[in-house]
Amino acid sequence: EHAHVVRAGAVEALLRGLFGASAAELPASVRELIVKRAGGNPFYVEEIVRGLVADGVLVQDGDRWRCRADAALADVPVTVQGLILSRLDRLPAGARQLAQEAAVVGPEFEGRLLGRVAGDPTGCEAGLALLEAAGLIRPVPDPAEPRYAFSHALVQEAIYQNLLVRRRTELHGRVGRALEDLRGGDAAAARLEDLEAL
C-alpha cells in the first residue's frame with residue numbers, strides 16, 4: 001500500500017511537470033488510469049500521455065490542457081509494448097516499415113546503412129523525419145554522417161519483437177550484406193561495432 005502511494009505521488013509529480021497547472025484540472029479518472037497503468041515507471045507515463053494526446057483524448061487549448069472525452073480511456077493499451085506499437089500503427093505504412101528495418105539494424109544506426117537496407121530508399125529521409133516527429137527515434141550527434149537512435153531501448157525491442165521471424169531473418173541478411181558493401185569487405189578497416197553487428 002505504501003509503495004503504491006509513493007508511485008502514485010511520483011506519477012502525479014511527473015504529470016505536473018508535463019502539464020503544469022493543467023494537471024490539476026485533468027479528470028480524476030484520467031489521472032488514476034495513468035497512475036495505474038504506469039506502475040510508477042516514468043517512461044510508461046510518457047507513453048500513455050503520448051497515446052492520449054494522439055487519440056485526441058487530451059487536447060491543448062492555448063497554454064492549457066483539457067480532457068475532451070473519457071470514452072477512449074478503455075482503449076489505452078495495458079503494456080508498454082502495446083503503447084509503442086499503438087504509436088507506430090498511427091504512422092503511414094512506409095514509416096512503419098522503415099521503423100521495422102531500423103529496429104533490425106539495432107538501437108543506434110547510421111542513416112546511410114538504413115538507406116541500403118530500406119525497402120524504399122527514396123522515402124528514407126521523409127520516413128526518418130516522421131519517426132523523429134513521432135518520438136520513436138532521435139538524431140545522434142556525429143560529425144561524419146547522420147546517425148539515429150531509438151528514443152528508448154524498449155522502443156527498438158517492441159518493434160523488433162513484433163516482426164515475424166521470417167521477416168526478421170530476411171532483414172538480418174540485408175543488414176549483413178549492406179554492412180559488408182559499405183565497408184568494402186575490408187575487415188581490418190571495419191570498426192569494432194561494425195564487426196559486432198555483422
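This is a predicted model: local features need pLDDT of at least 70, side-chain atom pairs count only at pLDDT 80 or more; totals for chains, interfaces and linings use all residues.
The contact between helix 2 and helix 3 is considered first. Helix 2 spans residues 28-38 and helix 3 spans residues 42-54; their axes come within 9 Å and cross at roughly 135°. Helix 2 is therefore oblique to helix 3, since angles count as roughly antiparallel only when over 145 degrees. The crossing of helix 2 past helix 3 is right-handed. On the side of helix 2, the residues involved are V30, L33, I34, R37 and A38, and these meet Y44, V45, I48, V49 and L52 of helix 3. Sorted by class, this contact of helix 2 with helix 3 comprises nine nonpolar residues, one charged residue and no polar residues.

A second contact joins helix 5 and helix 9. The axes of helix 5 (residues 93-105) and helix 9 (residues 165-182) come within 9 Å, with a crossing angle of roughly 65°. Helix 5 is therefore roughly perpendicular to helix 9, a category that covers angles of 65 to 115 degrees. Helix 5 contributes Q97, Q100, E101, V104 and V105 to the contact, while helix 9 contributes R167, R168, L171, H172, R174 and V175. By class, the residues in the contact of helix 5 with helix 9 are four nonpolar, three polar and four charged.

Among the strands, strand 4 (residues 137-140) pairs with strand 5 (residues 147-150) in the antiparallel sense, and four bridges link them. Strand 4 and strand 5 form a hairpin, and six residues lie between the two strands.

The loop residue A23 was examined separately. A23 is located between helix 1 (2-19) and helix 2, in the loop that separates these helices. The relative accessible area of A23 is 4%, so A23 is buried, the cut-off for this class being under 20%. When neighbours within four places in sequence are left aside, the residues in contact with A23 are L15, R16 and R31. A23 and R66 stand 43 residues apart in sequence, and their C-alpha atoms are 8.8 Å apart in space.

Notes
Residues are numbered from 1 along each chain as its sequence is written. Side-chain values use heavy atoms; hydrogens and water are left out. Axes are lines fitted to C-alpha atoms, for helices over the stretch in contact, and angles run from 0 to 180 degrees between N-to-C directions. Angles under 35 degrees count as roughly parallel, over 145 as roughly antiparallel, 65 to 115 as roughly perpendicular and the rest as oblique. A crossing is left-handed if the near helix is turned anticlockwise from the far one by less than a right angle, and right-handed if clockwise. Contact means heavy atoms within 4.5 Å. Ala, Val, Leu, Ile, Met, Phe, Trp, Tyr, Cys and Pro count as nonpolar, Asp, Glu, Lys and Arg as charged, and the others, Gly among them, as polar. Two strands pair if DSSP finds at least two bridges between them. Buried means under 20% relative accessible area, exposed over 50%, partly exposed in between (1.4 Å probe, protein chains only).
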